[in-house]
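Below are a few notes for a colleague who is looking through this model.

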Amino acid sequence: MTCNSSSCLLCTITETGTSARRKLIIAQCFKDLPLLTDDKNLVITLRCLWNIALAQPDDSEFPFLGVFNCMTRLLNRCIRDQKWLSSGKNMYIPYYAAHIIGSYTMNKSRFSVLAVNSGVISPLIELLRGKITWVEQRVGVRALGHIARHRRTFEDIKVYEMEITKLAMDIVSKCIQTIYSEFVVKKSENRVEYHRHLMIKGLGGLEMENRKAESWAFQMQSWSLYLLNCFVRNKRNINLICKLEEFLKKLCGIWGGLHNQNSFVSGIGLIKSLCHSEIGRRNIAQSEGIVESICNLSRSSDEWQLWAIESLLLLVKDPNTRSAVTNIAAPLLADLVELRTIKGRRKMGDVITQVILQDYGKIKYGQLAFNRKGSQKAIEEIWDLKVEKRKRDKLMSKEEVTERELLVAILKREGNRKFWSAEIEAAVNKYTKALDLCPLKLRKERIVLYSNRAQCHLILEEAELAISDTTRALCLSGEMRPHIKSLWRRSQAYDMKGLARLSLMDCLRFINERSKLNNGKRSSRRKIPYYAMSMLNKQMTATWIFAGVAKSMADDINENGSHKSRDQHVLAGGKMKGKILKSMPTHGSDKEQRLLKKGRLWRRLNSTSRRSKGVIEPLLKRLKKRKSVDVQKKKSNSLLFANETKVRAI
């Protein structure tokens, strides 16, 4: 296509150089852009500017030539003139305009100052109120979050802080349900057309749209948390955020999903920011459920493990919240006292020990007591492990150390024999005695003993004790080379407690660490075990972002009578396996054929996941067909033989 206009913005942008004429044309185009009547050219121009803003957010040319003033005028026109907005392609304008503002204000505070001076805050708040749709609300909260992060422009946002905080909290609480009910649950032909086009740009079908909606839901929730985090860091509206205990409990479960867990702030990030303030610590310490959730996250393979540990340390260091939090967290933090390096932070176990034992003297002499079962005992165990046992080990002679090594080996073998003889409780006692005698420097022996005892607790269905022992084994093994069996056993224990997210993270790490055991040789690459794939499928379905909403909408049924929630769970079950496990080979159909030959297919079918049933059920149907054909052949052959004998007899 050729353009004959000498003042076309798209043509001027493609020109190279920084001439004064080019800048004048661009500045004039930004002034005239909101007055264009050709909606198609306007949207194409905005999309071009959107691509440039995403690719070059730090380029100062467009911000200083009036792009913020242009976007503000466009947003105000869309909000005030609904008739103009609904005509032609104009419905795309608010999304691109707000996205351009957010991209340019992301890194540079001086760009943010230009945006605020152009009046962008007022129309962005209108988008945040849901003036148009949830798609524009998503980019509106993103842009406001980027403006609020800069000190120079936070004062301008602070004028609307009460309303923005309430709106952001409302988005965090309701955006998942909104996106599910207004987009995901609807059929393809009933979805808003421009929403579909913005998501997939005309590429892909229904499955791609659902994946994008899932990603956008995570982003919308995370950007709202980021906006709230800006207020908390500036000590604003903390009382308002902490007022609702249900909101604080919900924060512990917000993690951004597998795709976004490293890119956006999570719920634990906001909790950590709240723990830096006295009001936030007081409100968090009052809820046992929140403290327990933070403790569970601190004993996991989650990316946010370090933030959970730091949040607990802030709560325990505060004299006003120390007693209440230690009463809940002491038995759980006792598993982390031998933690080594985590995310570059060395000797985190020693830091936890110092914080926990700061009131040990009061506890020992009865000046401080805990009403929760096991808290005082856990602190005494920490003292014995980190102080008394270290002293005893230093005073041991070489002969005594050798004797203890032999005794530990004997007790370990006896425990193994008891385990395989199904005397599980006796095996636990043997492993416990071995751990009591084992010197601290025998790290590998202690890892195996903790892990073996955890397996016994799993069989006895003592999930909390299994989590405790596996966490201790993983703390001893270190972050770089974790004990693989302990990862798998902790994943099972978390699954037993119904903590799907933590079980999923341990399962994924188990699969990744197991695949590294090939020593770099592709030919010896280990396959993913069947049991790990089954667990992965189960937890992927359970942690699907729309799982809770889909379960609550039980009355939403398809035309064929099946629940839409189940259809979406099927989609979610296979959603991420392609990206996460693309390079890892699975057992595949040969596994099912071997099961079929060995005659164990029916027993396996009762305990398999949805994915494996999709493989096995067709095999069963084929087997039944073969049997029925063989029976018919036998019957027909027997009838022919009987007729022939009759004829011969006659």
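1. Is Arg-443 buried, partly exposed or exposed? Arg-443 counts as partly exposed, because its relative accessibility is 32%, where buried means under 20% relative accessible area, exposed over 50%, and partly exposed in between (1.4 Å probe, protein chains only). Arg-443 belongs to helix H28, residues 443–459, helices being DSSP runs of H or I with at least four residues, numbered from the N terminus.

2. Please keep in mind that this is a predicted model, in which local features need pLDDT of at least 70 and side-chain atom pairs count only at pLDDT 80 or more, while totals for chains, interfaces and linings use all residues. Residues are numbered from 1 along each chain as its sequence is written, and side-chain values use heavy atoms, with hydrogens and water left out.

3. In the loop between helix H22 (322–333) and helix H23 (348–356) lies Lys-343, whose phi is near 55 degrees, a positive value in a residue other than glycine. Lys-347 is also placed in the loop between H22 and H23, and has a positive phi of about 55 degrees although it is not a glycine. Most residues other than glycine have a negative phi. Lys-343 counts as partly exposed because its relative accessibility is 42%, whereas Lys-347, at 58%, counts as exposed.

Notes:
Helix = DSSP H or I, 4+ residues; strand = E, 2+ residues; numbered from the N terminus.
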